[in-house]
Amino acid sequence: MNRLETQLPGLNLKNPVMPASGCFGFGREFGGLYNLNDLGAIMIKATTVEPRFGNPTPRVAETAAGMLNAIGLQNPGIDGVMNNELPWLEQFDVPIIANVAGSTEEDYVEVAKRISTAANVQALELNISCPNVKTGGIAFGTIPEVAKSLTKKVKEVSVVPVYVKLSPNVTNIVEMAKAVEDGGADGLTMINTLLGMRLDLKTAKPILANKTGGLSGPAIKPVAIRMIHDVSQQVNIPIIGMGGIESAEDVIEFFYAGASAIAVGTANFVDPFVCPKIIKDLPELLDQLGFDHISECTGRSWN
Amino acid sequence: MNRLETQLPGLNLKNPVMPASGCFGFGREFGGLYNLNDLGAIMIKATTVEPRFGNPTPRVAETAAGMLNAIGLQNPGIDGVMNNELPWLEQFDVPIIANVAGSTEEDYVEVAKRISTAANVQALELNISCPNVKTGGIAFGTIPEVAKSLTKKVKEVSVVPVYVKLSPNVTNIVEMAKAVEDGGADGLTMINTLLGMRLDLKTAKPILANKTGGLSGPAIKPVAIRMIHDVSQQVNIPIIGMGGIESAEDVIEFFYAGASAIAVGTANFVDPFVCPKIIKDLPELLDQLGFDHISECTGRSWN
Amino acid sequence: MIVNEHCSIVSQREIAENIYELILHGELTSKMNEPGQFVHVKVASGYAPLLRRPLSIAHVNKENQEFTLIYRKDGRGTAILSSKKTSETVDILGPLGHGFPIEETKAGETAVLVGGGIGVPPLYELSKQLVKKGVNVKHVLGFQNHAAVFYEDKFKSFGSTYVTTVDGSHGTKGFVTDVMNELSFDTIYSCGPTAMLKAVEAGYATHKKVYVSLEERMGCGIGACFACVCHTADDPFGFSYKKVCTDGPVFKAGEVVL
Amino acid sequence: MIVNEHCSIVSQREIAENIYELILHGELTSKMNEPGQFVHVKVASGYAPLLRRPLSIAHVNKENQEFTLIYRKDGRGTAILSSKKTSETVDILGPLGHGFPIEETKAGETAVLVGGGIGVPPLYELSKQLVKKGVNVKHVLGFQNHAAVFYEDKFKSFGSTYVTTVDGSHGTKGFVTDVMNELSFDTIYSCGPTAMLKAVEAGYATHKKVYVSLEERMGCGIGACFACVCHTADDPFGFSYKKVCTDGPVFKAGEVVL
Ligand SMILES: Cc1cc2nc3c(=O)[nH]c(=O)nc-3n(C[C@H](O)[C@H](O)[C@H](O)COP(=O)(O)OP(=O)(O)OC[C@H]3O[C@@H](n4cnc5c(N)ncnc54)[C@H](O)[C@@H]3O)c2cc1C
Ligand SMILES: Cc1cc2nc3c(=O)[nH]c(=O)nc-3n(C[C@H](O)[C@H](O)[C@H](O)COP(=O)(O)OP(=O)(O)OC[C@H]3O[C@@H](n4cnc5c(N)ncnc54)[C@H](O)[C@@H]3O)c2cc1C
Ligand SMILES: Cc1cc2nc3c(=O)[nH]c(=O)nc-3n(C[C@H](O)[C@H](O)[C@H](O)COP(=O)(O)O)c2cc1C
Ligand SMILES: Cc1cc2nc3c(=O)[nH]c(=O)nc-3n(C[C@H](O)[C@H](O)[C@H](O)COP(=O)(O)O)c2cc1C
Ligand code: FES
Ligand code: FES
């Protein structure tokens with residue numbers, strides 16, 4: 001028995017551990033460090049219709065147990081991703097979850113339609129929560145009706161299951177989750193980054209050229225756990241959890257909260273070998289805790 | 001010239017550094033450690049109409065660069081505070097900011113009416129944002145109209161200026177700030193804690209008996225800075241900033257963001273001498289940065 | 001008087017499985033007057049971890065300005081503490097709380113000191129002070145197993161010492177209360193897991209002089225944050241409370257709800 | 001091949017005001033082939049700070065498996081690093097990026113190595129390798145003031161060395177470009193503050209062989225996060241980009257927008 005094997009809509013995973021979108025590029029860099037086949041899946045960087053350069057630098061700033069980023073969805077556009085990145089990833093036996101972003105509904109629909117047809121893309125992750133783009137983005141992630149409508153439209157065109165990535169910057173996360181479930185989402189991924197800012201002591205100005213950025217890393221873990229705990233009890237679709245994960249213990253905590261798989265973001269920058277390390281550590285931890293299969297952990301905090 | 005002297009509605013402060021509500025009790029414990037006259041002001045623990053025991057224990061849990069608390073507004077009630085705590089604090093030449101909490105508008109009004117008449121209470125802090133109480137609380141802190149109405153009612157009865165303490169757990173913090181300004185608030189205090197949760201690896205259950213708790217400490221500083229930066233540009237009332245402050249450098253960052261005074265919470269638990277230490281460090285830091293008076297720092301990130 | 005001092009490490013060694021004895025040098029020993037008090041330890045500067053850890057004072061040598069902490073390497077904080085070496089310093093806040101009332105046992109009377117696991121350490125300083133006063137001391141110390149036993153000989157030098165282990169691998173197999181039933185004494189001083197304290201309280205409900213030392217998760221350790229409260233026994237569902245950090249950690253049995 | 005290794009500290013000393021020379025022992029020296037590459041340093045385990053710090057490789061001794069970092073104690077991370085002592089280890093990820101192309105200067109030709117402040121360190125290994133190859137090297141090194149000057153004699157042992165200081169307290173008063181104008185050479189290799197690199201690029205716009213090493217805030221250091229990108233010079237407002245961490249830090253002048 002494979003104690004880590006995980007089944008999710010569209011995804012047949014060797015294990016429930018995957019790098020989070022934007023923290024792994026399109027895999028090439030990490031492919032030089034370890035065998036990507038070890039991963040449960042890969043969430044690739046956000047893809048938009050047109051290529052984007054993103055925001056000016058500095059794009060990252062450090063915070064207590066966390067970091068701010070304002071990359072601004074830099075990516076080669078749907079053509080570039082379809083032609084250059086996805087074919088390269090096909091050499092691995094790893095499902096790809098394609099992160100889809102845009103400024104308008106039409107943008108999302110176009111990217112979703114095309115990218116969902118790629119051979120190895122087995123699910124989409126709708127990035128309705130990117131805090132670092134000026135236009136559009138924010139309404140999709142904060143107004144339930146808008147999120148629902150977008151989810152519906154994307155579902156209509158996607159040939160693979162659609163996961164919606166929720167923003168934590170809302171008053172009522174459960175309401176957002178239910179709205180996208182109503183819209184037909186097959187799953188949720190949560191959380192994206194919290195909106196934050198750092199100022200430079202000498203200049204008094206924001207360290208990030210974009211001023212605000214998304215807060216990620218261990219600092220946000222308690223917020224992620226709380227939201228997944230609340231949402232998982234109110235929806236009937238699975239959750240891929242993320243936010244500050246850096247160890248096998250953290251993975252179990254996310255499962256207890258209600259996650260059925262997890263993604264690792266910022267920790268890849270601190271230790272690029274962290275994903276295979278977590279995957280290696282999990283079986284022993286399951287032994288210690290007395291679980292046969294990791295899926296037994298899901299939702300244990302409340303059921 | 002006193003380079004730290006700070007004037008705010010109702011408050012004539014020797015310096016802009018004060019302990020945050022709930023992190024300093026009613027001052028007695030710290031009174032045994034240093035001279036409370038050194039402080040700019042003291043924000044006392046939340047007071048409700050009736051005495052409250054608060055939540056069961058455990059009430060605190062540790063997180064990366066932060067902590068969760070779910071004290072649950074334990075306090076001796078308005079009578080106890082008026083009769084036993086405030087008179088004791090009168091021996092010090094320090095303005096008291098009384099933190100007012102409740103489950104209904106009537107509760108808030110009653111506490112505000114009475115406590116604002118105490119000799120040394122020079123301002124109220126309306127705690128519309130406590131995440132750890134089951135009834136009432138949450139709507140006051142998240143629905144602009146409700147917050148505005150409450151502010152109005154309290155303003156009608158309070159004989160001292162009223163500051164409203166904003167919750168960060170909202171989609172649109174600027175909207176909340178404007179609503180309470182419209183309601184007549186004399187100032188804002190921000191931010192209260194972020195809602196969070198931690199689970200125990202062995203039991204799978206929340207570490208806190210109350211399940212969720214409020215996240216405070218250095219981890220939340222970037223969220224506080226962002227919110228103060230955004231709000232201070234949109235309102236005409238001053239802000240007392242808080243959220244993860246532990247050094248004079250942090251104080252200046254909050255001023256740059258838009259604060260006119262600051263409060264120190266969690267750091268008092270790590271180093272009970274932190275407030276006088278910060279007050280001592282500030283003048284030298286102002287020298288290094290080339291400011292005559294700390295008020296020159298306010299809002300420098302955007303103006 | 002509570003002070004904050006960076007105390008230098010005189011020595012640190014593992015005295016039983018995962019149990020460390022840490023001897024520190026600091027001027028704050030001059031303020032350590034009640035056995036059963038604790039210190040609040042910042043195991044590392046910075047954020048990992050952020051909060052202090054409460055640890056009981058196991059022994060004080062005022063002449064040398066040295067004091068001893070004995071702790072179990074458990075979670076992250078104690079693991080970091082256990083890696084500290086001689087010549088490094090440890091950030092200590094203390095002494096905190098109220099300890100065991102030695103005045104409740106007169107010279108010539110007998111006290112039984114009942115400890116479980118990491119509740120044993122503060123009893124060592126207590127025993128020393130009782131003996132100095134002329135009290136007869138008996139010790140009943142419970143541990144998980146033989147590997148976890150520490151300080152047995154040291155306690156023996158003060159008075160008769162009975163060790164119990166859960167698995168019977170050393171001393172008597174069973175719980176401390178089993179042994180206590182065989183002994184006679186005037187006062188009980190006890191520190192250990194809540195289940196043990198409850199058993200002691202229940203078994204000696206009519207006994208006049210029973211003192212228990214409690215554990216609770218703490219924020220400040222100095223009475224300001226209300227993290228560590230417990231209900232008083234005469235008002236178990238009401239508003240009255242005691243703070244473990246300042247009113248305790250030692251309470252008279254029956255004073256607070258365990 | 002990038003590896004992650006905990007390297008033990010051979011020595012650490014302050015070689016100029018707030019400038020530290022840290023010599024580390026590690027097997028990853030075997031992979032350090034291009035002068036101008038850097039390593040990504042985790043100065044402390046845990047969260048204070050969380051991210052790694054990029055530092056250039058200043059010298060490699062493959063036989064001893066030792067390499068040198070030279071850094072300025074600046075913010076929190078470098079302050080922590082500077083407090084580390086011999087026998088402790090440092091968590092190193094590397095070697096990273098692409099260094100200076102020594103193949104662009106033939107034996108017998110002359111290269112000028114132009115460094116400013118903490119841009120000077122990688123030029124030391126570069127100079128060593130160029131000399132070994134038979135290249136004539138000249139060094140123009142700019143510092144704030146006399147107290148900040150380091151490695152002057154070491155550079156002198158490889159070739160003529162001109163030091164400038166902003167305040168004139170040592171060497172020539174002024175900027176590195178003032179001295180460069182007096183020299184003749186075939187290749188320019190430069191590392192330092194952006195303002196200096198811009199001046200070098202502008203002053204030698206028609207010169208064919210100018211190489212500059214850039215600094216940018218980094219997340220991953222390995223090309224995955226897109227924190228460190230810059231526009232390419234032929235498309236300064238478009239989508240094309242280079243990553244400082246993997247495409248650089250060394251670029252041909254005119255390749256990217258400084
Ligand atoms: C008054 C008092 C005296 C104590 N004396 C001793 C002693 O002499 N020797 C000893 O080994 N232990 C003692 N303890 C328990 C000791 O404080 C915990 O074992 C220690 O805090 C665990 O920290 P950690 O980082 O290793 O564990 P973690 O589980 O990583 O700690 C996480 C958080 O929970 C708190 N916590 C965890 N376990 C406990 C606990 N049992 N009691 C209170 N807080 C806890 C920690 O302080 C920290 O804030 C005492 C506790 C109290 C309240
Ligand atoms: C490729 C490369 C090579 C470098 N080589 C050297 C060297 O050999 N010697 C040396 O002294 N310095 C070098 N630097 C600069 C060095 O990385 C910074 O001085 C260092 O990161 C500052 O960290 P801190 O914690 O002391 O400062 P803080 O200001 O506390 O750092 C906060 C954050 O900003 C980043 N940061 C701050 N300053 C810089 C900077 N100048 N460049 C990039 N990131 C920065 C830090 O990495 C960290 O993430 C190099 C930078 C790069 C990009
Ligand atoms: C540098 C960086 C870039 C990111 N880019 C994206 C992105 O393109 N799309 C997306 O949905 N999330 C993006 N994220 C968010 C992460 O996928 C993840 O949700 C978040 O960082 C929380 O996880 P962590 O704390 O493990 O990093 C990015 C995060 C970081 C740090
Ligand atoms: C233990 C604890 C108790 C608190 N109690 C209150 C309270 O009674 N009323 C209130 O308005 N805020 C309360 N707060 C919030 C703080 O006043 C402050 O807004 C928050 O902790 C952020 O600041 P910090 O990061 O410096 O702690 C409490 C915080 C903590 C940690
Ligand atoms: S720990 Fe703060 S009141 Fe006891
Ligand atoms: S630092 Fe991450 S891409 Fe360069």
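A polar contact is a pair of N or O atoms within 3.5 Å. Keep that in mind for ligand 3, where a backbone N or O atom of A:Ser21 sits 2.7 Å from one of the ligand's oxygen atoms. What you're looking at is a predicted model. Salt bridges are the other thing to look for here, with 36 of them counted over all chains.

**Around ligand 3**

- Ligand 3 has 22 residues around it, and the closest include A:Ser21, A:Lys165 and A:Thr266.
- A:Gly217 and A:Gly244 also belong to that closest group.
- A:Ala46 has a backbone N or O atom 3.5 Å from an oxygen atom of ligand 3.
- On its own, ligand 3 has 610 Å² of accessible area, and the protein covers 97% of that.
- Sorted by class, the shell around ligand 3 holds 13 polar, seven nonpolar and two charged residues.

**A salt bridge within chain A**

- A:Lys14 pairs up with A:Asp93 in a salt bridge, and their closest N and O atoms are 3.8 Å apart.
- A:Lys14 lies in the loop between β2 (11-13) and β3 (17-19), while A:Asp93 is in the loop between α2 (77-89) and β7 (96-100), so the bridge ties together parts of chain A that are 79 residues apart in sequence.
- A:Lys14 is partly exposed, at 31% relative accessibility.
- A:Asp93, on the other hand, is exposed, with a relative accessible area of 58%.

**A salt bridge from chain B to chain C**

- B:Glu62 and C:Arg53 meet through their side chains in a salt bridge, at 2.7 Å from N to O.
- This pair crosses between chains: B:Glu62 is in strand β5 (residues 60-63) of chain B, and C:Arg53 is in strand β4 (residues 53-61) of chain C.
- B:Glu62 counts as buried at 11% relative accessibility, and C:Arg53 is buried too, with a relative accessible area of 19%.

**A salt bridge along a helix in chain D**

- D:Glu125 and D:Lys128 form a salt bridge through their side chains, at 3.3 Å from N to O.
- Both residues lie in helix α2 (residues 121-133) of chain D, three residues apart, which is about one turn of the helix.
- D:Glu125 is buried at 4% relative accessibility, whereas D:Lys128 is partly exposed at 24%.

**A salt-bridge network**

- A:Arg198, B:Lys221, B:Asp250 and B:Glu253 are joined into one network by salt bridges that share partners.

Definitions and conventions. Residues numbered from 1 in each chain as written. Chains lettered and ligands numbered in written order. Predicted model: local features only at pLDDT ≥ 70, side-chain atom pairs only at ≥ 80, totals over all residues. Heavy atoms only, no water. Salt bridge = Lys/Arg side-chain N within 4 Å of Asp/Glu carboxyl O. Helix = DSSP H or I, 4+ residues; strand = E, 2+ residues; numbered from the N terminus. Buried < 20%, exposed > 50% of the residue type's maximum accessible area, 1.4 Å probe, protein only. Near = heavy atom within 4 Å. Polar contact = N/O pair within 3.5 Å; in protein donor to acceptor, adjacent residues only side chain to side chain. Areas by Shrake-Rupley, 256 points an atom, 1.4 Å probe, with all protein chains shown as cover. Nonpolar A, V, L, I, M, F, W, Y, C, P; charged D, E, K, R; others polar.
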